[in-house]
Amino acid sequence: MSGNCTCKTCIDGWLSPRMKERLEGEAEFLHFTASELALDLDDDALIPESGTLSEIAVASDASLHYIPMELHPKMTPAFYHGYIIVLQSILQVLLYEPESDDIEDLRKTIPTVGLVEEKLKRIQEAAAESEKEKGEGKAKEGETNEEEETSTILDPTSDISITSAEASLLSEYFSSGGQITFALDAITDLASEKSPEGSLYRRNQYLQEEEEEFVKEVIDLPKCANDLDFELVREKLGLRRGKLGPYWFFLTDSEDEEEEGADERDGVEVLYEGVNKE
Ligand SMILES: [Zn+2]
């Protein structure tokens, strides 16, 4: 229906198997990086007195560079944890194993803004529901089970279940101006930047080496004209065409023409400079 699929296996005619692998890899990487940093938020260098993420913290996590700088005053640990739940949900959609080749089932693996929104709404409602049940003590036997079953049927992708405390972090994220699109923008733009299409790729030897590894990993997947069509993917996921983020730019070692290797890329050590590109 769209795209110029040449492999005949693109989901919906546009999401190629190799593109999907790139998105999964990036989503996994960003979720991991953010989760690791979140473990260290009791460090004063990351959360100063202001109670919001320091620029050092922002510099260390590339997914945060896709949150507009105007929101910096709202970037509390709660906001950050909410954002991580959004990243996690997107990753989960990408990793979902469809039970059939039915197009409806295959579409459950595509993290459109709409699908992720529905999913987050569901897990928030589930958290509120379980909190209510806790509050009421043991709810009437039969009813509870029935409801649980219903939600499993509605949700074959087995949502992450979150506690009501986590649900409130998610609410904090959205009420402070957080959006699902920030996370999708981060994943798609960084995947693009690290691919042979990207300027990061052209500047960094280590990304070119990673690409060689990637090509080996996906050797069994068909090639398609859509494999590097990030613009198409962004549009289909519900991002507008053209660039959104990043909004934050940092002078890092990786900007150097001569990339020294992984150790030099430790974001916490870099010189940073928050500059709004606009
Ligand atoms: Zn294709």
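Visitor: Hello! When helix 3 passes helix 5, is the crossing left-handed or right-handed?
Guide: Welcome! This is a predicted model, so please read each value as computed from it. In the model, helix 3 passes helix 5, and the crossing is right-handed.

Visitor: Which residues of helix 5 make that contact?
Guide: Helix 3 brings V86, S89, I90 and V93 to the contact. The residues on both sides divide into six nonpolar, one polar and one charged. On the side of helix 5, the contact is made by L115, V116, K119 and L120.

Visitor: How are helix 3 and helix 5 oriented to each other, roughly parallel or roughly perpendicular?
Guide: Helix 3 covers residues 77-95 and helix 5 covers residues 113-135, with their axes 10 Å apart. The packing angle is about 115°, and angles from 65 to 115 degrees count as roughly perpendicular. The two helices are therefore roughly perpendicular.

Visitor: Let's step back to the whole chain. How many helices does it have?
Guide: From the N terminus on, the elements run α-α-α-α-α-α-α-α-α-α-α. There are zero strands, and the helices come to 11.

Visitor: What share of the residues in the protein chain is buried?
Guide: The chain has 278 residues. A residue counts as buried if 20 or more other C-beta atoms lie within 10 Å of its own. By that cut-off, the buried share is 31%.

Visitor: Is V86 buried or exposed?
Guide: V86 has its place in helix 3. Leaving aside neighbours within four places in sequence, V86 is in contact with L120, Y173, I180 and A183. Within 10 Å there are 25 other C-beta atoms, and 20 or more are needed for the label, so V86 is buried.

Visitor: How far apart in space are V86 and L170, C-alpha to C-alpha?
Guide: In sequence, V86 and L170 are 84 residues apart. Among contacts between residues at least 6 apart in sequence, 74% join residues at least 24 apart. In space, the C-alpha to C-alpha distance of V86 and L170 is 7.9 Å.

Visitor: L170 lies in helix 7. How do helix 5 and helix 7 lie relative to each other, oblique or roughly perpendicular?
Guide: L120, Q124, A127, A128 and E131 in helix 5 meet S164, E166, A167 and L170 in helix 7. Those residues divide into five nonpolar, two polar and two charged. The axes come within 9 Å and cross at roughly 140°.

Visitor: One last pair. How far apart are the axes of helix 1 and helix 8?
Guide: Helix 1 (residues 17-38) passes helix 8 (residues 180-194) at an angle of about 115°, in a right-handed crossing. R22, L23, E26, A27 and L30 of helix 1 meet A186, I187, T188, L190 and A191 of helix 8. Their residues divide into seven nonpolar, one polar and two charged. The distance between the two axes is 9 Å.

How values were computed
Residues numbered from 1 in each chain as written. Predicted model: local features only at pLDDT ≥ 70, side-chain atom pairs only at ≥ 80, totals over all residues. Axes fitted to C-alpha atoms, helices over the stretch in contact; angles between N-to-C directions. Helix = DSSP H or I, 4+ residues; strand = E, 2+ residues; numbered from the N terminus. Parallel < 35°, antiparallel > 145°, perpendicular 65-115°, else oblique. Left-handed = near helix turned anticlockwise from the far one by under 90°. Contact = placed C-beta atoms within 7 Å. Nonpolar A, V, L, I, M, F, W, Y, C, P; charged D, E, K, R; others polar. Buried ≥ 20, exposed ≤ 12 C-beta atoms within 10 Å, placed from the backbone.
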